[in-house]
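Work through the following exercises with the sequence and the model side by side. Each task is followed by a solution that goes step by step.

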Amino acid sequence: MMSRKLGESRRFLVAGKAYVDARPLAKHPSDLADWDWVHFSMRNTTTEFVSKKGDVASVTEKTRIKLNSAGALLHFVEQNLGLTILPEHLVTQGIKSGELVHVLPQWEIKPLGIYALWPDASRRENLTLQLVRFLAERDLS
């Protein structure tokens with residue numbers, strides 16, 4: 001298999017508005033120790049956060065629900081069952097509408113890489129390789 005990184009997508013820590021409103025204001029990742037998490041099963045349960053000042057903090061999730069679908073994560077968070085980490089493009093509308101809250105916006109989570117992956121059947125120029133080169137030349141972040 002061949003692969004090429006095309007860009008990155010920021011990830012946000014989000015929760016439903018009612019869930020956030022029912023808890024004390026979180027100012028630091030350590031404040032999330034007792035919060036319920038809707039966990040993506042293919043991701044580690046410990047998350048590293050980096051502040052705008054460069055401080056690093058890690059949180060181990062208190063998993064309430066474990067799922068393997070980003071759509072399901074979003075659905076359960078919208079039902080105010082906990083918080084989760086999702087790519088920016090999935091949560092932008094919910095944050096704008098006020099249905100979702102970006103928790104700890106002053107802390108960042110490592111971005112999600114966007115990759116092209118294709119079989120390496122041959123090294124000759126083909127449409128797949130041309131498409132990957134075309135996409136790589138654009139900023140998909």
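**Exercise 1.** Which residues does Val103 touch, not counting residues up to four places away in sequence?

Solution. This is a predicted model, in which local features need pLDDT of at least 70 and side-chain atom pairs count only at pLDDT 80 or more, while totals for chains, interfaces and linings use all residues. Residues are numbered from 1 along each chain as its sequence is written, and side-chain values use heavy atoms, with hydrogens and water left out. With contact taken as heavy atoms within 4.5 Å, Val103 touches Leu13, Val14, Ala15, Val20, Leu32 and Trp35.

**Exercise 2.** Find the aromatic pair and classify its geometry.

Solution. Rings of Phe, Tyr and Trp (its six-membered ring) pair if their centres lie within 6.5 Å, and planes under 30 degrees apart count as stacked, over 60 as edge-to-face and the rest as tilted. A search of the whole structure gives 1 aromatic pair. The ring centres of Tyr19 and Trp35 are 5.7 Å apart and their planes stand at 65 degrees, so the pair is edge-to-face. Tyr19 belongs to helix H1 and Trp35 to the loop between H1 and E2, 16 residues apart, where helices (H or I, at least four residues) and strands (E, at least two) are DSSP runs numbered from the N terminus.

**Exercise 3.** Is His39 buried or exposed?

Solution. Buried means under 20% relative accessible area, exposed over 50% and partly exposed in between (1.4 Å probe, protein chains only). His39, which is found in strand E2 (residues 36-40), has a relative accessible area of 1% and is therefore buried.
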